[in-house]
Amino acid sequence: MGSDSTLMEISMEDDQRAASRRQDSLAFFVSVENLNLELPDPGTMFNTAQQTMQRGFALAKTMIKKSEAPASAAPWEGSTYCQVKLNDVTLRTEAQRASNPSFTIGFTLPCVEESAQSTTKVVFEIVQDKTKSPNIFAATDAIDLRLLVDAKTRNEVLRLPLVDSVEGAVLVLTWPYAMVYDISAVPSFAQTHRTLYRWKTKAGTFEMQEDVAEIDLCASLPQQVLVQSLSEFERKAEVWQSLLDHAIMQECRLDDSTAALDRGCDFVRVSVSRARGLLLSAAPAPLASSSDSMGQTIRSSMFALAKSVKSSAFSKLKSSSSISDDAASSTPSPAPQAVNAYCELSWHDPKTFDATWKIGRTNAIASSSEPWWTPDAVTTKLHTRIDDKYFEFYRPPNRQLRGYLECQLFHDPSKSLGVSKSSRKAHVPLGFARLDLTQLRPKADDPTTLEFHEWVRVHQREGDSDIVCRCDGAGVQCVGEIEIQWTLRQGVDGAYPAEFDSVPCVTQSDLVWFQGSSTMQIQPMMFSAAFIEKQMSALQGNIATLTKLVEISQEWVDKKQRFKSSQQKKAWDVQHIPTNLHVSWAQTSPHRILPTVTSGIPSAHALGLDKVDLVSMDEQLVDAIKDCHKLQSALSVQTKAFYGVLGLDNDFTAAVDAGNGADRSSTASQESSPPPPPEEDTPKSNASSRLSSLYSSAKRNLPSVVPPSLSFKAEDKSLNAIVTRVLEVQASYQLRKSVVVAQALTALAASFQSELYIAVQQGPAIWTERINQWTAMGYLCGWESLVSSQGKELHMLLDAQSALDACRFFHFQLVLNQDESNHDVRLVGSSIQIPVSPTIFGQLPASWQSGAAHISITCVLFTQGINEMQSLVNMSHLGGVTKQSEINTSNLVVLNKYHEQFKALFPNRTALRDLFNQLRDAVINENSANKNTDILHLASQVVRHLRGGRITCCKSGKDRTAMSVTWEQAQWVTAVHNCRVDELDMANTMREWGVRLDVAEKNINQRKYSFNALQRKLLPPIYRPPMTTIQDIVTSVALRDS
């Protein structure tokens, strides 16, 4: 057919293809004439049934297994069914209680090669129902299949005599009405099951056909969603990598000196290997930043000593304090005390921001005024390393040599008492030496290498008490000397990278649907390399997960797999593929069709549903970002730019850190706000007056011990902890959202394809109307959820709501398909591209063909739990009922907006207006104590009147979903034919013999719904399946797929 074909020709062409496909299978209805079965008296049946129930209760109470009774022991209730045998295949109809039954369920025989049709035999039998062994009332002779094929070709009613029965009894075969719509005409749909129905009413009979199909895009579209997510995660990894590279240079955290020098960093080596002339009696009070520094030091020291020594040690310490007090008076000549000295080295340059950063610490040498030291501990702030007797570290280039090296000596009293560890507060400062960087001198043969090697006096700070002078320094007093060896090698000039012009934001995403509900982001700032590496490690975990899922999707596509069983809901490797996805078409004459997509509700089962879902994670993310903004607003621009470096830990070990009692909010590998400058020391009061009450108050003054934190806690309000929380929640949120949106978008695309091809087959008038509607208003898809608002199912529901909100950022676009062998749906950015044939594409508006126009998406979700868990929730009035009501209310608002647009385009729709008003009233007056299923029914009718697609889902998409779909189809078909029949009986016939039971069997390998008797009883009456289709309690637990 050429490109100038009309839509009427398209519809006729599809009808011809459908007719040729229907010729491959042999479908027909059967009825019986002149058999005239004698039916038992109904009163006898009732008594027998009552007696059987009594016997059953007695057996249940005694837990005795029921023994099998002979077939003749079970009385016949008057029901018969017809079965057909073809080779090794046996098919049957429903059972009917009639003298000459006309069966509702039609037969569809499997295809047989034309050459074998003459030798293939078919037998029909009328069989007594509900007996232990088949009791055949009547049967036909074995006939050739060719006889049936020829009769169908001629469209003749076929009458087959029933032998061994009443004379004149015949089995009548009639051929079904040729339905207009063929589900297999949709290129990406693969029909799996079909059921034919012929309903009898007082006004006559009418037929119905129910088809169900799997969808090719079941694996291909989720794969493309994950590819988008993967690209976004990889982009973020690149941003983090650029930050890491910059942080490494800010911290000069490089592998070796060669790399450091090549990158323009300065390489510093410093050693303080020995001292001489040190005297403890010359030492001032400890340098604690407190108004009572001396008292705090003595109290801490005394408490530590009191735990390990007896009263004699206590007396010694009092004596030592008395000597110290005397030294502060007019007699400055006490006896020298043993010195347990060690040295702490610190560094200051322009990139330490008016603070000194610790380099490292030597070991403490006991009882020596001339100790020989070796490096003992380093810090993370300067990333110091130890090489033999030297401390080594790298710094940003400092050609002006601004800054200094400071060496501070301390006395550790615990060394004299044999205590392995003591509080850092108890250590007594002896003095310090400070060397400006300008004191370094270049080597004669290498001007880029600066050196210093001399003995340097150790001074006391001006204003310290207990000063003993041995020199006349200006404002300082010396108490000994230390030997300093110091080298600074300058890196390659100009090689050090420039600062960021603007620090990139690590929470910003290029994908709109990938983000949460808020557009707020944490303000750009620099982090430490260790912090960034942790974030990159988590990010790489998400990248690895998505990469593996994409590979698995490709395997599905290559193998043409289309079905994910409900038993695979929690499977990690297929978590992104929608569960139990099918498209069903129910159609009846004249040319009426009811399409529905069914699936498990979009949710991240494999990622957990215990107190976690996309909605709660989004709320956590918004709150954490707001908290982050409050703290970031107090930071200067410079602090943000160097936040990671400033927040690095400036202490040696956890033990020293705890002894200092420093109030920091992070550990060695985390950032914190820059520490405030130290307070000026205040004059000390007399120490000996406080020693007398020290021991009794030691426990009272003992600071609380805080265990090291392994990870951030929710109550931690530091900026670093909040940023960590934002990043962790966002990474988990975006991975979860990728999985859930992949499921939702696939079901949505299947629904649109279904509506698209139905509109094409309905002819040019309907097609033009749909084009106008989709152009003006977009595509409406109504989702129906049957999950409960309790426990894990509530989190499934909230996952789904978030995913449907994200779907509005996508749109459909019809594109020309020039390869008839490839009908893959493509996701390009936010555009879901649906390929159509050249014939269909030629009939599209010019704006659609050029790609300038697209079809927007509106999704609405109405939910009502119907199972036993919802009964418990309704009785207890738990919070989930409120969430259910909130979802229905918010989606009613969205639906109303679409409804108003529809009324403007298609006025005078009285029935639609009345239905919408009823829906609005039902949602507004939703009763939390009841299962308000009328909301679901009204929402379904409103969406269909608005010509929208319909998706029905529950946890697995097979049990509660089956009850809902069959009930809707029963209501629909009776409305179409305006007939008065029992809708529930009609729905139960579909549930017992229709395609829904076939779908259930695909999932659990058993032709049963996953309900037991108790669960069935707690369902609303219209959703209760026939007793013959449910499981016993033991089986329902054993085969449970959740």
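Colleague: Is Cys265 buried or exposed?
Modeller: In this predicted model, local features need pLDDT of at least 70, side-chain atom pairs count only at pLDDT 80 or more, and totals for chains, interfaces and linings use all residues. Residues are numbered from 1 along each chain as its sequence is written, and side-chain values use heavy atoms, with hydrogens and water left out. Buried means under 20% relative accessible area, exposed over 50% and partly exposed in between, with a 1.4 Å probe and protein chains only. Because its relative accessibility is 0%, Cys265 counts as buried.

Colleague: How many disulfides does a search of the whole structure find?
Modeller: A disulfide is taken here as a pair of cysteine sulfur atoms within 2.5 Å. For Cys265, which is in no disulfide, the nearest cysteine sulfur is that of Cys252, 3.5 Å away. Across the whole structure, the number of disulfides found is 0.

Colleague: Is helix α4 roughly parallel or roughly antiparallel to α16?
Modeller: Helices are DSSP runs of H or I with at least four residues, strands are runs of E with at least two, and both are numbered from the N terminus. Axes are lines fitted to C-alpha atoms, for helices over the stretch in contact, with angles from 0 to 180 degrees between N-to-C directions; the axes of α4 (residues 217–251) and α16 (residues 719–761) come within 8 Å and cross at roughly 155°. Angles under 35 degrees count as roughly parallel, over 145 as roughly antiparallel, 65 to 115 as roughly perpendicular and the rest as oblique. Therefore α4 is, relative to α16, roughly antiparallel.
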